[in-house]
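Please look over the model shown here and follow the paragraphs after it alongside the coordinates.

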Number of protein chains: 2
Amino acid sequence: MTANAAGVWVPVLTPFDAKLAPDRDRFIAFCRWLLAQGADGLCPFGTTSEANSLSVEERMGLLESLIAAGIPPSKLMPGTGLCALTDTARLTAHAVGRGCRGVLMLPPFYYKAVDDDGIYAAFAEVIERVADQRLRVYLYHIPPVAQVGIGFGVIERLLNAYPSSVVGIKDSSGDWKNTQGLLDRFPGFAVFPGAETFLLQGMRAGGAGCISATANVNAAAIRGLYANWREPDAEQRHARIAEIRRTIEAYPAIAALKTIVANALGDPQWNRVRPPLTKLAEARAKKLLADLAALGFTLDAHGARAAAE
Amino acid sequence: MTANAAGVWVPVLTPFDAKLAPDRDRFIAFCRWLLAQGADGLCPFGTTSEANSLSVEERMGLLESLIAAGIPPSKLMPGTGLCALTDTARLTAHAVGRGCRGVLMLPPFYYKAVDDDGIYAAFAEVIERVADQRLRVYLYHIPPVAQVGIGFGVIERLLNAYPSSVVGIKDSSGDWKNTQGLLDRFPGFAVFPGAETFLLQGMRAGGAGCISATANVNAAAIRGLYANWREPDAEQRHARIAEIRRTIEAYPAIAALKTIVANALGDPQWNRVRPPLTKLAEARAKKLLADLAALGFTLDAHGARAAAE
């Protein structure tokens, strides 16, 4: 059994071509660049990846492409949680079959006000169907978007029933009390705050690292804090990455991150998003880049371009 | 070009077998029975159908089964709106290709706080991809569940761009003001309140009928009001069906409806739901059936059984 995932993991942005199809070459190049920046691993098909705008087949195709391109499966934790039980089981089995380090699993998110028994059953049924000892599930708790969360009672039951399969959680509640509660109640469980804003606080409390959207454009600095969280300059590092995140968060996050990448690479195609998202209007995009420049922040375009070539 | 759909349409419950797979035979029998009860048409794969717990392939397979069993496609308006553009386009093209009367289309519902441009683009892109003059889209506005709604501005733009394709809406806002606003602002648009509670009020204001979950167990009476809404006993019919709906709505609706069907057919398999839903606990199920019996309501078990045989 491999150790739990840890460190800075990136829910990778998904580039689209002129027909709004996923652009495999740009995707592979960007994934390589993120790893070269120091990311510990990649979570393709997270919220930031516009994964919920991709079909099951599109996700499977992209995952195959990454592995075929030589990205080690041990550095991959694809998102596999969909509304339909059969889809989640299919994607999860595929990821496990390809040797991925783990899967990041949303609860089914269409039906609201479902009870804990139902959420538990949804996860349990997928685990039973996949029926593979290699399976490592990282639960994905993101109530601000999914609306359906994963409560402590559900986690406790899952840990009791599937202790070797259910190994961690991405906590994107944005609520430190929830993260602290997870760390207190489930020792040994790999708790990833969903933002680098809580990375330092998380590490001090026994957290596993972070899985953060903004790591798409600031992986090296976030990894720097992860590696140095015990050092005297940790607070300073924290303040710096938190300031950059706050600046980006003032904009719709996915479109903003794509704007930053497109600008750094001089590649306007990176601006493209799939409906229902919309790209930033030109004035907003300029303002974002100006806001970041004012902080002295620039994405390492050279490194990015080199990886893309 | 066929006229817009009208009357009482049923978002059909989906029965599951012991492996939680859709049970095609029970599904076909139940659809036949609903039509025999007087339903004007069927909306398989609505919210009540647990459609969002079914994969694209499962929906397509069930639709094929219905048509192969002789259910006229002119009486079918399947739900086809999913989070992923490519999935929605695929399901919609399939339904149009099979000659369905229309499709009932949710907006993409994972990403929240998306703007009107994005919702518009999501529908427009599907219509462009399907590129079939036979396409008839009924928008599906259900903000209490989907969280993402369809505003008047989006509808106006769609009607301007695709006047022959976008022909109606199911308004499950539960807010009469919204329904009235749709009727006022878009004359000729087929507006279906999402509950029989608003059927009479809707007909008086120019509505098209209703598409309602509880029509799964009360289709004949609801159809009776639709056929007689100008008659002196309309208020009395309205009060009766509204009372039954209120009673059922005090329980989780899908599980409650399945309990009623299972009881009427003497077929416990009908109780089964897919996670994340849970079936009613036995005491709750008994209470529901007692509540309904106290109103003198019983589902026509004989008719249901005959159709199932």
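The text below goes through a sheet, a helix, the aromatic rings and the cysteines of this predicted model.

The sheet comes first. In chain A, four strands make up an open sheet in the order S3-S4-S5-S6, and their pairing is parallel. Strand S3 (103–105) and strand S6 (190–193) of chain A are the edge strands; each has a single partner strand, so one side of each has no neighbour in the sheet. From one strand to the next, the twist averages 25°.

Helix H4 of chain A covers residues 116–130, which is 15 residues. The distance from its first C-alpha to its last is 21 Å, close to the 21 Å expected at 1.5 Å a residue. After H4(A) comes A:Ala131, with a positive phi near 45°.

The aromatic rings are next. Over all chains, the count is 19 aromatic pairs. In one of them, the rings of B:Tyr110 and B:Tyr111 have centres 4.9 Å apart and planes at 90°, so this pair is edge-to-face. B:Tyr110 is buried at a relative accessible area of 1%, and B:Tyr111 is also buried, at 6%. Both belong to one aromatic cluster formed by A:Phe109, A:Tyr110, A:Tyr111, B:Phe109, B:Tyr110 and B:Tyr111.

That leaves the cysteines. How many disulfides are there over all chains? The count is zero. A disulfide requires two cysteine sulfur atoms within 2.5 Å. The sulfur of A:Cys43 has its closest cysteine sulfur in A:Cys210, 10 Å away, and is therefore too far for a bond. In chain B, B:Cys210 is in no disulfide, as the nearest cysteine sulfur, that of B:Cys43, is 10 Å away. A:Cys43 is buried, with a relative accessible area of 0%, and B:Cys210 is likewise buried at 0%.

Conventions. Residues numbered from 1 in each chain as written. Chains lettered and ligands numbered in written order. Predicted model: local features only at pLDDT ≥ 70, side-chain atom pairs only at ≥ 80, totals over all residues. Heavy atoms only, no water. Buried < 20%, exposed > 50% of the residue type's maximum accessible area, 1.4 Å probe, protein only. Pairing = 2+ DSSP bridges. Helix = DSSP H or I, 4+ residues; strand = E, 2+ residues; numbered from the N terminus. Axes fitted to C-alpha atoms, helices over the stretch in contact; angles between N-to-C directions. Expected span 1.5 Å × (residues − 1). Phe/Tyr/Trp six-rings, centres within 6.5 Å; stacked < 30°, edge-to-face > 60°.
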